[in-house]
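We will go from one stop to the next together.

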Amino acid sequence: MRSSKFAFGLLATLLPTTLSQSTPAPIVTGNPAGAQYIATLPTNASLPNGTFVLTTASDGNGVYVQVNVANLPPSGGPFLYHIHLNPIDSSGNCSTAGSHLDPYNVTEAFVCDPANPQMCQVGDMSGKHGGIANGTNYTVGYVDQYLSTQPGTPAFFGNRSIVVHFANKTILTCANFTISSQSSSGAGGSGSGNGNGRAGSTVVIPVGGSNAGGGVATATMLQTVTA
Ligand SMILES: [Cu+2]
């Protein structure tokens with residue numbers, strides 16, 4: 001009797017060690033044609049500036065990402081950039097962005113391999129596509145198949161933020177996405193009016209001012225975060 005109780009206890013202890021595997025991110029299909037969101041970094045002489053422009057890919061699968069950043073620090077790279085879950089709040093503090101966009105629960109524990117981007121956190125842009133190498137300016141364009149321009153879907157980023165980090169994850173600067181161009185397929189049709197209206201109202205975020213953002217970005221420059 002005592003030995004069987006012991007055996008049961010041992011079994012119960014071992015069972016939870018079964019590893020749970022995260023779900024691979026699905027390729028996003030059917031993104032609305034022409035939908036475009038832009039994150040413009042605040043203007044600050046001591047911080048990187050520039051834009052991240054994400055547009056529905058030509059075949060509707062994912063988005064075309066255009067990164068154009070200047071005034072990067074002379075050292076501390078390769079710089080990382082991620083889509084974080086929350087928009088930066090009215091304080092402008094980049095830490096209010098919270099954790100990464102990670103709808104499939106990959107978590108920080110998993111090291112992203114660019115060869116298997118579907119296994120990475122959806123928001124881990126530099127993990128999937130490479131970091132920003134040392135140098136003053138950086139321009140790159142690529143397709144990311146795992147991001148959505150359809151509001152309300154798991155991989156939608158239009159109401160979120162982008163955060164740029166030093167290689168050691170210290171925050172450099174951040175910006176919110178705002179809608180730049182609505183779906184060309186829905187803009188003219190009266191039948192699609194509802195969808196368009198909702199998209200517009202959910203992504204307009206009142207933190208776009210470069211002056212306010214710049215000031216607070218400086219204050220948070222040396223804040224270390226793990227996300
Ligand atoms: Cu980040």
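Start by selecting the copper ion: its protein donors are His82 (ND1), His84 (NE2) and His165 (NE2), lying 2.0 Å from the ion. Donors here are N, O and S atoms within 2.8 Å of the metal (3.2 Å for Na, K and Ca), and water is not among the atoms, so sites may look incomplete. This is a predicted model, where local features need pLDDT of at least 70 and side-chain atom pairs count only at pLDDT 80 or more, while totals for chains, interfaces and linings use all residues. Residues are numbered from 1 along each chain as its sequence is written, and side-chain values use heavy atoms, with hydrogens and water left out.

Along the chain, the copper donors follow the spacing H-x1-H-x80-H. Now pick histidine 84 in strand 4 and histidine 165 in strand 6: this pair links distant parts of the chain, 81 residues apart. Strands are DSSP runs of E, at least two residues long, numbered from the N terminus.

Are these two histidines buried or exposed? Histidine 84 is buried, with a relative accessible area of 2%, and histidine 165 is buried too, at 0%. Buried means under 20% relative accessible area (1.4 Å probe, protein chains only).

Next, select residues 161-165, which are strand 6; this strand pairs with strand 4 in the antiparallel sense over 5 bridges. Pairing requires that DSSP finds at least two bridges between two strands. Click tyrosine 81 to find its bridge partner in strand 6, valine 164.

Finally, show the whole open sheet: 7 strands in the order 4-6-7-1-2-3-5, with antiparallel pairing. Strand 4 (80-84) and strand 5 (138-144) stand at the edges with a single partner strand each, so one side of each has no neighbour in the sheet.

Methods
Helices (H or I, at least four residues) and strands (E, at least two) are DSSP runs, numbered from the N terminus. Buried means under 20% relative accessible area, exposed over 50%, partly exposed in between (1.4 Å probe, protein chains only).
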